[in-house]
Amino acid sequence: MKSEAPNQNITIWFNNGFVRLGDANVNILTHALNYGSGVFEGIRGYYDEKKKELFLNRVLDHYERWKLNCGVLRINVPPSTNELCEITAELCRRNAFESNVYVRPLAYKASARIGVAADENDAYAITVLPFGNYFEGRKGLKAGVVSWRRIEDSAIPGRAKICGAYVNSVLAGDEARHNGHDEAIFLNQDGHVAEGATCNLFMWRHHRLITPPVTDNILEGITRASIMELARNELKLEVVERSIDRSELYMCDEVFFTGTAVEVAPVTHIDHRPVGDGEIGVITTKLRSLYADATRGRIPAYRDWLWPVYRSGIIEKTA
Ligand code: PMP
């Protein structure tokens with residue numbers, strides 16, 4: 001997916017204040033720009049036309065993960081997770097967004113000088129943009145296993161959204177697209193299936209929903225956690241976290257990706273072979289629609305995932 005250049009007049013949070021996106025610039029020598037020493041997040045908000053409400057999805061969980069990830073690089077983000085949610089909601093209100101949105105928090109080593117050694121000069125920004133579908137259309141994806149391996153925890157932790165680490169995903173995505181696929185599948189150093197370039201992976205095989213464990217060099221996805229919860233609670237499926245072999249992808253019934261941006265994305269072909277019968281599977285379809293309902297406030301049991309921006313009170317009233 002390539003998104004369009006955003007409107008530069010959008011208000012964002014930068015250097016502890018509200019500024020125009022076009023005025024939020026950093027020095028060319030900024031440590032994070034030169035050495036990748038930043039940590040980012042990706043959060044979605046879903047707009048409900050009828051309720052005139054914008055629901056930020058699992059925003060508290062995302063900010064908790066962000067702060068823990070920042071700890072890996074010893075980047076300090078002073079506000080509490082609640083305050084970060086409030087800043088994000090205020091950005092949506094100031095921009096009067098009445099559409100789905102994507103939130104991009106970014107914390108980084110901010111010193112502008114030569115030298116890899118990091119200091120305590122930390123900064124962060126939060127940008128909220130209108131956002132549509134990550135993958136074009138709603139058809140099944142063609143994925144391919146790439147020759148690049150997923151980064152090892154002992155080199156750069158993949159469970160943290162560290163800016164520099166995303167070169168791994170850029171290389172993988174680039175190779176996959178040049179080989180005629182829509183998305184990449186990474187193997188880890190052990191040769192097991194890890195995840196997509198920007199999403200986690202699930203497989204439906206022998207009537208079990210299977211996904212790699214968090215110790216297989218994956219990002220600990222929040223959508224992954226949501227899907228495991230929905231699968232267990234709503235569909236009463238057996239969900240198993242275990243390593244997956246590449247050849248299992250050729251023999252299973254269904255595969256789908258999960259992620260904040262990709263949501264639940266069915267994979268119908270892997271390495272030019274059909275997954276199952278090559279059509280979007282039943283389990284994937286059910287989970288995709290449950291996820292869409294839960295993230296739009298349509299299932300009371302999951303309303304506590306959502307942070308209403310315009311405080312319409314709908315959540316309290318209908319729960
Ligand atoms: N894996 C990688 C490498 C990612 O970049 C993402 C997107 N954050 C995911 C998985 C999915 O994580 P989440 O569901 O928390 O967005």
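Predicted model: local features only at pLDDT ≥ 70, side-chain atom pairs only at ≥ 80, totals over all residues.

Biologist: Which residues touch the most other members of the largest nonpolar core?

Modeller: They are L56, Y63, W66, Y124 and I126, in a core of 41 residues. Among the elements that give two or more residues to this core are β1 (11–14), β5 (53–57), α2 (59–72) and β7 (122–130). Helix α3 gives the most, with six residues. The core draws at least three residues from each of domain 1 (11–130) and domain 2 (141–294). A second, separate core has 22 residues, including I283, L287, A294 and L306. In general, nonpolar side chains tend to be buried together in soluble globular proteins.

Biologist: Why is N200 called buried?

Modeller: Buried means under 20% relative accessible area. N200 has 4% relative accessibility, and therefore it counts as buried.

Biologist: What joins the side chains of N200 and E195, and why does it have that name?

Modeller: A polar contact of 3.2 Å joins them. The cut-off for such a pair of N or O atoms is 3.5 Å, and 3.2 Å is within it, so the name applies.

Biologist: N200 lies in strand β11. How do you know that β11 is paired with β12?

Modeller: Pairing needs at least two bridges. Three bridges join β11 (residues 200–205) to β12 (residues 208–211), so the two strands pair, and they run antiparallel. R205 stands opposite R208 in β12. The strands form a hairpin with two residues between them, and H206 in the turn has a positive phi of about 50 degrees.

Biologist: What makes β12 and β13 a pair, and do they run parallel or antiparallel?

Modeller: Three bridges join β12 to β13 (residues 239–241), and at least two are needed, so they pair; they run parallel. The bridge partner of L209 is V239 in β13. With helix α5 (residues 222–234), β12 and β13 make a right-handed β-α-β unit.

Key:
Residues numbered from 1 in each chain as written. Heavy atoms only, no water. Helix = DSSP H or I, 4+ residues; strand = E, 2+ residues; numbered from the N terminus. Right-handed = clockwise from strand over helix to strand, strands pointing away. Core = buried A, V, L, I, M, F, W, Y, C linked by side-chain atoms within 4.5 Å. Buried < 20%, exposed > 50% of the residue type's maximum accessible area, 1.4 Å probe, protein only. Domains from an automatic or database assignment. Polar contact = N/O pair within 3.5 Å; in protein donor to acceptor, adjacent residues only side chain to side chain.
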